[in-house]
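Q: Please take a close look at one thing for me: how the aromatic rings pair up. Keep it chatty, but give me the cut-offs as you go.

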Amino acid sequence: MENYIVSARKYRPSTFDSVVGQRALTTTLKNAIATGKLAHAYLFCGPRGVGKTTCARIFAKTINCLHPTPDGEPCNECESCRAFNEQRSYNIHELDAASNNSVDDIRQLVEQVRVPPQIGKYKVYIIDEVHMLSTSAFNAFLKTLEEPPYYAIFILATTEKHKILPTILSRCQIYDFNRISVDDIVAHLAYVASKEGVKAEPEALNVIALKADGGMRDALSVFDQVASFSGGNITYRSTIENLNVLDYEYYFRLTDSLLDNKVSDVLLLLDEVLNKGFDGSHFVTGLTAHLRDLLVCKDPATVQLLEVGAGIRQRYMEQAQKCPVPFLFRAMKLSNECDLNYRLSKNKRLLVELMLIELAQLTSDTGEASGGAPPAHTLKPIASGQSAAPARSADASSAQPVRNSSAQPVQTPSASPSSAPVHAIPTVLEQAKGSGEKKIPVMDKSALGFSIRHTAEAGNAPKPVSQPVARPPETEEDRMFNEKDLNYYWREYANRLPHEQVAIAKRMMNMRVTLSGKTSFEVVVNNEIVYKDFTAMIPSIQDYLRASLKNRNVTMTVRISTPDEKPHVAYSRAEKFQMMAQKNKALLQLKDTLGLEFY
């Protein structure tokens, strides 16, 4: 039986033109070879499986080729090219820095550099995963990398450029490889399928390309896996079954149910997805991506951003026409918030279900169509001046304002009915109708002043002598809160800060703010730099706390601590150990006995 070679190795590019998705970089390298302007050190960095090591090998073979082609490609016929293809070339050396990362390995490499090439013009050293070298090995490599012999060229490859010392970076020409686009991966997979005699549906290849996440090596590995599973006939159904990928059909059905406000169908679909073994987080992430794809289909100018097959693209465009843009914006925000809170939630399924219930009510004006949801505007009848009392005749309702017909005189045991004054308050409906307010005003009972003349006729309505004096309407934001509530939302704000502000977020998490008034609080810091940072953040923190605490009067102040104050600061591990050791001397003895050190 012939030895089987995986597609990632069998179809590995051997020329610059066969490299997929890196046209700009390959053109730059070919021009450098054609003009003879070669640097002594290169750094190829980028994600996995995008062609870094492959381009390094092609580059090394091309500069040693004895008869290169006019377009800057190796001839693959001379002795140097044949030696490279047969893996017996003495001019091209590959070193895996992951397993050869010590100072001794680098010293051995430096000794090899001193020997000039016997055949060809250059000795090329390809060091893969160079970020795995130790700091001492990097330092031992610096001098040789900066001033190598004229015949030595170093090509460093890494997936984590940030781990390489700046002194190394400054000595290299840096080439950043990009992720390969979905279209390029699909085209290359179709080429491989035709060479291997495998039938493949375009939608199936698109799923494989999305699964690869921009890496050609991963795409070819998944292609081999699915081809083995499907017996050489790769279909969309077999691909999603083998890769355990959520079908587009689930999200199309879910979106239709959300638009129709069918909460029960939405919950049953979620249960079906979870019973098939999919994680809730994976479902929410897929829903967010589906809503994003629908949004880009709303505008013909952005349809090109949709990375799906041609057949499914038409279905996306049809469903996008049914979705209002405000619905998509709000749905994306809710699903993204659910994704952010998923890891912290104790009841993850309930979190997803609540999100879906909210989504199902976005296009519903009343609770009837949303599976028992409450009406969106419960105060709408009051705001429009309609009475909740039984219906009256048209003439009576237009001739006099709405009154509380159920108001009865209030009597005390010690007073007779004829002498007791009657205190009645005009209904809230009257106030709402007269002022046009949409919210129910809250009045202080002590500020109400009425004098109502009691008449003997039983049917007469009380006539107010003076108008009531009420406080300005109190909005929903004017709620009382305590210091515990304030600190809770203070830490919640810190958790929502982006990754770029992780330092100030950690500082906020280790603070405890104190109330200096009913709605004002004070933040005490220990230096001028932190004072400026928090002062700049006052508007955004105040807006967040006002919305969270439902109080529009929340005010924040910042000051620097006095010398006799000790504001709460975050301690390092070493500082914590020193404080513990002051209380218990045995910890120092334990540290010395075990030879422990803090890093």
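**Ring pairs up close**

A: Let's start with Phe 534, which is buried at a relative accessible area of 0% (buried is under 20%, exposed over 50%, partly exposed in between, with a 1.4 Å probe and protein chains only). Bear in mind that this is a predicted model, where local features need pLDDT of at least 70, side-chain atom pairs count only at pLDDT 80 or more, and totals for chains, interfaces and linings use all residues. Residues are numbered from 1 along each chain as its sequence is written, and side-chain values use heavy atoms, leaving out hydrogens and water.

There are 17 aromatic pairs in the structure; Phe, Tyr and Trp rings (six-membered ring for Trp) pair with centres within 6.5 Å, and planes under 30 degrees apart are stacked, over 60 edge-to-face, the rest tilted. Take Tyr 248 and Tyr 316: their ring centres are 6.2 Å apart with planes at 85°, so they're edge-to-face. Tyr 248 sits in helix H12 (residues 248–259) and Tyr 316 in helix H15 (residues 310–322), so the pair ties together parts 68 residues apart in sequence. Helices here are DSSP runs (H or I, at least four residues), numbered from the N terminus. Tyr 248 counts as buried at 15% relative accessibility, and Tyr 316 does too, at 1%.

Now back to Phe 534: its ring and that of Trp 490 have centres 6.2 Å apart and planes at 10°, so this pair is stacked. Trp 490 belongs to helix H21 (residues 483–495) and Phe 534 to helix H23 (residues 528–536), so parts 44 residues apart in sequence get tied together. Trp 490 is buried as well, with a relative accessible area of 1%.

Elsewhere, ring pairs link Tyr 42, Phe 44, Phe 59, Tyr 175 and Phe 177 into a cluster.

Note on methods: Helices (H or I, at least four residues) and strands (E, at least two) are DSSP runs, numbered from the N terminus.
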